[in-house]
Amino acid sequence: MKLMNMSYREDKVLSLAGDGPAGLDRGELQKQCAALVNAKMHGLCFSPYEGDQQPGDTFTEAQVRRKLELLQPHTEWVRIFSCTDGNDMIPPLAREYGFKTLVGAWLGEEKDKNEEEMARLIELAQAGFVDVAAVGNEVLYREEMSEEELIACIDRVRNALPDVPVGYVDAYYEFADRPKLSEACDVILANCYPYWEGCHMDYSLLYMKQMYYQVKQAQPDKKIIITETGWPSEGEALGAAEPSYENALKYFINAQQWTRAEGIEMFYFSAFDEAWKVSAEGSVGAFWGLWDKDEARKF
């Protein structure tokens, strides 16, 4: 995610005594976290990879089923990032286990691959396995497509799926800065990561609210879903943002309590720790999950 220069003032920090997890010991944090997980979250970001697997590798239906069964009591929705390389088996299986689905076509620089992704997304949606369709994920942030090219892709999928909400996933500020992009979307799918902008844990809830309402102010007539947010439990600090077990617990509790109280739909990132993310994100990459790499609940 792009780093933003922000100044944080102590008089803007929420006083969390009695209103959140600040000051609680590890045991109490774990109890609050467990209660929220067991009460069923709105959504979780889901990838099937385990061990040394990474996008493009083969995975089995059995491992997808095992992971979905593990998540079934804890979330209503799952978000899937791709419709190729076997990922297209996930939405039908998710529906079998009772999940609603936000399904993405992964777009990038390979035009043939983009065509395959969009075609399969349309097929899955027309078959009834997609509740919200996402055309691309952070492709503008990665500078792999122009805004005009992306909007053309969104328009194609929207025209093919008049009965399914269609949007695009990227950092919150893209939707505030690009009105044409927002206009092309039925729904705004915004990633909000105080961690990736170097925010101290004490300010992180306030900052996530600011991210959300920045989009809301720019797009008051559009539905906004937080498609990713989270905090790593291990790894190196980024500015004032420090990964730790306790900070990950605090952030999860704050994020869940706020969005539930405000009726905001949120997909937490992520369901499972994934080792392959280290190559792209550094040491924190492998530690975003609520479950660890061995599928044990971390919190």
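**Exercise 1. In which strand is Thr101 found, and is Thr101 buried or exposed?**

Solution. Bear in mind as you work that this is a predicted model.
- Step one: look up the strand. Thr101 sits in strand S3, which covers residues 100-105.
- Step two: check the accessible area. Thr101 has a relative value of 0%, and buried means under 20%, so Thr101 is buried.
- Step three: see what surrounds Thr101. Leaving out residues up to four places away in sequence, Thr101 touches Trp77, Val78, Ile80, Pro91, Ala94, Arg95, Phe129, Val130, Asp131 and Val132.

**Exercise 2. Work out how the buried residues of helix H5 are arranged around its axis.**

Solution. 
- H5 runs over residues 147-160, 14 residues in total. Its first and last C-alpha atoms are 20 Å apart, close to the expected 20 Å.
- Step two: pick out the buried residues. They are Glu147, Leu150, Ile151, Cys153, Ile154 and Val157.
- Step three: look down the axis. The buried residues of H5 fall within an arc of 160°, so they line one face of the helix. Here's a handy rule: an α-helix has 3.6 residues a turn, so residues three or four places apart point the same way.
- Step four: turn to the other side. Glu148 and Asn159 are exposed residues on the face of H5 that is turned away from the buried side.
- Step five: find the cover. Over the buried residues of H5 you'll find, among others, helix H4 (111-126), strand S4 (132-137), strand S5 (166-171) and helix H7 (179-184).

**Exercise 3. Describe how helices H8 and H9 pack together.**

Solution. 
- Step one: take the geometry. H8 (residues 201-218) and H9 (residues 245-262) pack at an angle of about 35°, and their axes are 10 Å apart. Their crossing is right-handed.
- Step two: list who meets whom. From H8 come Met201, Ser204, Leu205, Met208, Lys209, Tyr212 and Tyr213; from H9 come Asn247, Lys250, Tyr251, Asn254, Ala255, Trp258 and Glu262.
- Step three: sort by class. The contact has 8 nonpolar, 3 polar and 3 charged residues.
- Step four: see what else H9 packs against. Besides H8, its buried residues pack against helix H1 (26-38), strand S1 (41-45), strand S7 (223-228) and strand S8 (267-268).

**Exercise 4. Where are Lys40 and Asp85, and what is the phi of Lys40 and of Asp85?**

Solution. 
- Step one: Lys40 is in the loop between H1 and S1. Though not a glycine, Lys40 has a positive phi of about 75°.
- Step two: Asp85 belongs to the loop between strand S2 (75-80) and helix H3 (90-96). Asp85 isn't a glycine either, yet its phi is positive, about 55°.
- Step three: compare with the cut-offs.

Methods: Residues are numbered from 1 along each chain as its sequence is written. This is a predicted model: local features need pLDDT of at least 70, side-chain atom pairs count only at pLDDT 80 or more; totals for chains, interfaces and linings use all residues. Side-chain values use heavy atoms; hydrogens and water are left out. Axes are lines fitted to C-alpha atoms, for helices over the stretch in contact, and angles run from 0 to 180 degrees between N-to-C directions. Helices (H or I, at least four residues) and strands (E, at least two) are DSSP runs, numbered from the N terminus. A crossing is left-handed if the near helix is turned anticlockwise from the far one by less than a right angle, and right-handed if clockwise. Contact means heavy atoms within 4.5 Å. Ala, Val, Leu, Ile, Met, Phe, Trp, Tyr, Cys and Pro count as nonpolar, Asp, Glu, Lys and Arg as charged, and the others, Gly among them, as polar. The expected span of a helix is 1.5 Å times one less than its number of residues. Buried means under 20% relative accessible area, exposed over 50%, partly exposed in between (1.4 Å probe, protein chains only). The arc is that of the directions from the helix axis to the C-beta atoms.
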